[in-house]
Amino acid sequence: MPLTDHFGRSIHDLRISITDRCNYRCVYCRTGTNGAAYAELPFDDYLRMARILVGLGITKIRLTGGEPLLRKGIVDFVRELAKLRTFDGEKPEIALTTNGHLLAELARPLKDAGLDRVTVSMDAVDPERFARITRVPNGYESVLAGVRASRHAGLDPVKINCVLLRGFNEDQVIPFGMFAREERVVVRFIEFMPLEEDRVWTPEIVVTLDEIVRRMSEYLLLEEIAHARSETARRYRFADGVGEIGIIAPVSRPFCGHCSRIRITSDGKLRTCLFSVWDHDLHELMRRGATDEKLTEFIVKVVEKKEERHHIGEPGFVPASRTMVHIGG
Ligand code: SAM
């Protein structure tokens, strides 16, 4: 029986955070410390969880963090994940979200191990601004090398995630449009969500989908193209046919009704929504010797109770029990 929640949504996307450490300290995400707040599990534990979940209908696994490339052994982990088989007897689709800082060296080995796709986060396409946002010097060149190495390794498509904040980097919309066309990558703009450590979010800081489309149209007109229902991003191509961008608009155009995702945190907690106010301790059950059957029972019950939607911007909004870096974006 495939995993389904109380609202009839089929759950087939799994995100696993393999660490909540990060080598970047992006101003809109981190307070500025390097410290991890939660434990990391041995890869075998994540693998067992993934195997059970693939047995329950998961078809896509995304590795994230923190910064997942900080974990030694990630290539072998991908190789083990690639041996799992979905209901249809296929290898699950394996994707990675990374800041790209260490990607130049790892793109080829990860591809060879079975990684299908990569998403690299970049919030500016000029080196100085990039350093101000990440609070790490000289990162831009490393990340650009990582993006190019990914394309050469055959990771396809390479996607770039960019979070826009008003008064900070909204002037990067057109430069990113040019970047998408020149580097042959899909740039996806993400509306800023209240998931940061510093709790600075206000609706005014969010650069919305409508504004992004308007700004990009001053450069070149966009045409919306079809996207899969459970896909987070709305997709657009440039009117001259060269290049594609996406916009992920959880704030101005929530897509919770089509959500197909669950998450495992670095310390082995199951989360059913980015904005969950609690998490479910799958790892503690494992540690106490639960059988696969018991773990399956637990997962099915937790998923059934997945939240209907988030309440960003509504009166009485209750912040998530963890911030983005400690959940896994
Ligand atoms: N370190 C990896 C990276 O940089 O992609 C993976 C983890 S990071 C938390 C995943 C994504 O979440 C990044 O693209 C980041 O920009 C995005 N992100 C972080 N905080 C966010 C927020 N408050 N709202 C929207 N996106 C956010």
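Two strands pair if DSSP finds at least two bridges between them. Valine 187 stands opposite isoleucine 245 in β9 in this sense of pairing. The model is predicted, so local features need pLDDT of at least 70 and side-chain atom pairs count only at pLDDT 80 or more, while totals for chains, interfaces and linings use all residues. Residues are numbered from 1 along each chain as its sequence is written, and side-chain values use heavy atoms, with hydrogens and water left out. Helices (H or I, at least four residues) and strands (E, at least two) are DSSP runs, numbered from the N terminus.

**The sheet as a whole**

- Strands of a sheet pair through backbone hydrogen bonds, either parallel or antiparallel.
- Here twelve strands form an open sheet with mixed pairing, in the order β7-β8-β9-β6-β5-β4-β3-β2-β1-β10-β11-β12.
- The edges are taken by β7 (222-225) and β12 (280-281), each with a single partner strand, so one side of each has no neighbour in the sheet.

- Strand β3 (residues 93-98) pairs with β4 in the parallel sense over four bridges.
- Threonine 97 has threonine 119 in β4 as its bridge partner.
- Between β3 and β4 the chain passes through helix α3 (residues 103-113), and this β-α-β crossover is right-handed; the term means that, with the strands pointing away from the viewer, the path from the first strand over the helix to the second runs clockwise.
- β4 is mostly covered, with four of its five residues buried; buried means under 20% relative accessible area, exposed over 50%, and partly exposed in between (1.4 Å probe, protein chains only).
- On to the next strand, β4 (residues 117-121) and β5 (residues 158-164) also pair in the parallel sense, over four bridges.
- Opposite threonine 119 stands lysine 159 in β5, and opposite valine 120 stands isoleucine 160 in β5.
- Helix α5 (residues 139-153) packs on the sheet and touches β4 and β5, where contact means heavy atoms within 4.5 Å.
- The direction of α5 makes about 150 degrees with that of β5; axes are lines fitted to C-alpha atoms, for helices over the stretch in contact, and angles run from 0 to 180 degrees between N-to-C directions.

- β5 and β6 run parallel and are joined by six bridges, with cysteine 162 opposite phenylalanine 189 in β6.
- A right-handed β-α-β unit is made by β5, α6 and β6.
- β6 also runs parallel to β9, and four bridges join the two.

**Helix α7**

- The buried residues in helix α7 (residues 209-217) are Leu209, Glu211, Ile212 and Met216.
- Seen down the axis of α7, these residues fall within an arc of 165 degrees, so they line one face of the helix; the arc is that of the directions from the helix axis to the C-beta atoms.
- The buried residues of α7 pack against β5, α6 (173-183), β6 (186-191), β7, β8 (233-238) and β9 (244-248).

**Loops and backbone angles**

- Proline 157 lies in the loop between α5 and β5, and the peptide bond from aspartate 156 to proline 157 is cis, with omega near -5 degrees.
- Arginine 135, in the loop between α4 (127-134) and α5, has a positive phi of about 60 degrees although it is not a glycine.
- Arginine 135 is partly exposed, with a relative accessible area of 30%.
- Asparagine 138 is found in the loop between α4 and α5, and its phi is near 60 degrees, a positive value in a residue other than glycine.
- Asparagine 138 is exposed, at 60% relative accessible area.

**Cysteines**

- The structure holds zero disulfides; a disulfide is a pair of cysteine sulfur atoms within 2.5 Å.
- For cysteine 22, the closest cysteine sulfur is that of cysteine 26, at 6.4 Å, which is too far for a bond.
- Cysteine 29 is in no disulfide, and the nearest cysteine sulfur, again in cysteine 26, is 6.4 Å away.
- Cysteine 22 is buried, at 14% relative accessibility, and cysteine 29 is buried, with a relative accessible area of 16%.
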